[in-house]
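User: Please go through this model with me in short questions and answers. I would like the cut-offs stated where the terms come up.

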Amino acid sequence: MVRFLALSVIFVLSCVSATLASTDRHEFGKVRNMLNQTNASQTNESVALSPIPYNETENIDRVSQHDAALIRSTRDLLSWLIQRLSGFIYDDAFDIVNFSNQARSLLKELSQITHWVEVAQFENKDILRQLSFAKEMFSSMLEAAKTTSFYATDGPGQDLVCKLIQLNVRLFALYDYRGLPDIRQYAYVHTLYGLILKLDMLEKNFKQVRKIPAIVHLMFTSQMEQARGRLELLAGYTTQA
């Protein structure tokens, strides 16, 4: 039954994926409403549903085709969302203001996609990885926006914390829309090497600052660990670049 409910929205999802290039926030909102209406109507009608005779072989083929279409559409939706998130990241900065203004709608879109992935009970590893990456990316950007505003005041080491937070978000720009390191990017290795040098310089400068409050030191250490972990993962793909 759950699979039936998921497949019932394939037409809506397919329409979305066919117009991703021109979809804006208002259009996605309309799609979200359609999905909610579909979910509600299917839930209300599910009690009255009765088994329909079918040829087992034909049904397996039909379900497989529908599953494939649903996976493609969901992948397109996630790619579109990740692309939107990437639009807030520039070569040397994270556009906190515009991200913060759109964070609520972005969260709604991410939650809607997450809901349908759960309803469809996906076991596709690519979709699950892509969804996990979108969640991590959004959460990191949201935390960065909040944390930067807190540390954007004069104080020992606080400016370095803000720069490190910006660098951490910048690392997401080195991934593609599948949630994998984008080794096809122009100068991938050069960009990665430059970010490693920046990270080392930030750490060196931070160690030279005196009388750093404990909370600032803890935040810097936490952000540094995140950055080192992501850089290590990204660097592991350089042999393929």
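Analyst: Helices (H or I, at least four residues) and strands (E, at least two) are DSSP runs, numbered from the N terminus. The model is predicted: local features need pLDDT of at least 70 and side-chain atom pairs count only at pLDDT 80 or more, while totals for chains, interfaces and linings use all residues. Residues are numbered from 1 along each chain as its sequence is written, and side-chain values use heavy atoms, with hydrogens and water left out.

User: What share of the 241 residues counts as buried?

Analyst: Buried means under 20% relative accessible area, exposed over 50%, and partly exposed in between (1.4 Å probe, protein chains only). Among the 241 residues of the protein chain, the buried share is 41%.

User: What percentage of the contacts with a separation of 6 or more joins residues 24 or more positions apart?

Analyst: A contact means heavy atoms within 4.5 Å. In the protein chain, taking contacts with a separation of 6 or more, residues 24 or more positions apart account for 79%.

User: Which elements each supply at least two residues of the lining of the largest cavity?

Analyst: On a 1 Å grid over the protein atoms alone, a cavity is a set of points where a 1.4 Å probe fits but cannot get out, a pocket is an open set with protein on both sides within 12 Å along at least five of seven lines, and lining residues have an atom within 4 Å of a point. The search of the whole structure finds four cavities of 30 Å³ or more. The lining of the largest one consists of Ser140, Glu143, Ala144, Ile165, Asn168, Val169, Phe172, Gln223, Gln226 and Arg230. The elements that each give at least two residues are α6, α7 and α9.

User: What is the volume of the largest cavity?

Analyst: A volume is the space filled by probe spheres set on the grid points, which are joined across faces, edges and corners. By class, the lining has four nonpolar, four polar and two charged residues (Ala, Val, Leu, Ile, Met, Phe, Trp, Tyr, Cys and Pro count as nonpolar, Asp, Glu, Lys and Arg as charged, and the others, Gly among them, as polar). The space in this cavity is about 50 Å³.

User: How many charged residues are in the lining of the second largest pocket?

Analyst: This pocket has a volume of about 220 Å³. Its lining includes Asp91, Asp92, Lys163, Arg170 and Lys198, along with others such as Leu195 and Met201. Helices α7 and α8 give two or more residues to the lining of this pocket. The lining divides into five nonpolar residues, one polar residue and, for the charged class, five.

User: Which helices hold Phe99 and Phe138?

Analyst: Rings of Phe, Tyr and Trp (its six-membered ring) pair if their centres lie within 6.5 Å; planes under 30 degrees apart count as stacked, over 60 as edge-to-face and the rest as tilted. The structure holds eight aromatic pairs, and the one between Phe99 and Phe138 is tilted, at 5.8 Å centre to centre and 55° between the planes. The pair links distant parts of the chain, 39 residues apart: Phe99 in α5 (residues 96-120) and Phe138 in α6 (residues 125-151). The helices are therefore α5 and α6.

User: Are Phe99 and Phe138 buried or exposed?

Analyst: Ring pairs link Phe88, Phe94, Phe99 and Phe138 into a cluster. Within it, Phe99 and Phe138 are both buried.

User: Why is the pair of Phe206 and Phe220 classed as it is?

Analyst: The ring centres of Phe206 and Phe220 are 3.8 Å apart and the planes lie at 0°. The pair links distant parts of the chain, with Phe206 in α8 (residues 188-207) and Phe220 in α9 (residues 214-235), 14 residues apart. Phe206 is buried at 4% relative accessibility, and Phe220 is buried with a relative accessible area of 4%. Because of the plane angle of 0°, the pair is stacked.

User: Where is Lys211, which has a positive phi?

Analyst: Most residues other than glycine have a negative phi. Lys211 has a positive phi of about 55° although it is not a glycine. Lys211 is exposed, with a relative accessible area of 78%. Its place is in the loop between α8 and α9.

User: What is the relative accessible area of Ala187?

Analyst: Ala187 is found in the loop between α7 (158-170) and α8. Ala187 is not a glycine, yet it has a positive phi of about 60°. Ala187 is partly exposed, with a relative accessible area of 28%.

User: How many Å apart in space are Glu232 and Ile196?

Analyst: Glu232 is found in helix α9 and is exposed, with a relative accessible area of 62%. Glu232 and Ile196 are 36 residues apart in sequence. In space, C-alpha to C-alpha, they are apart by 9.7 Å.
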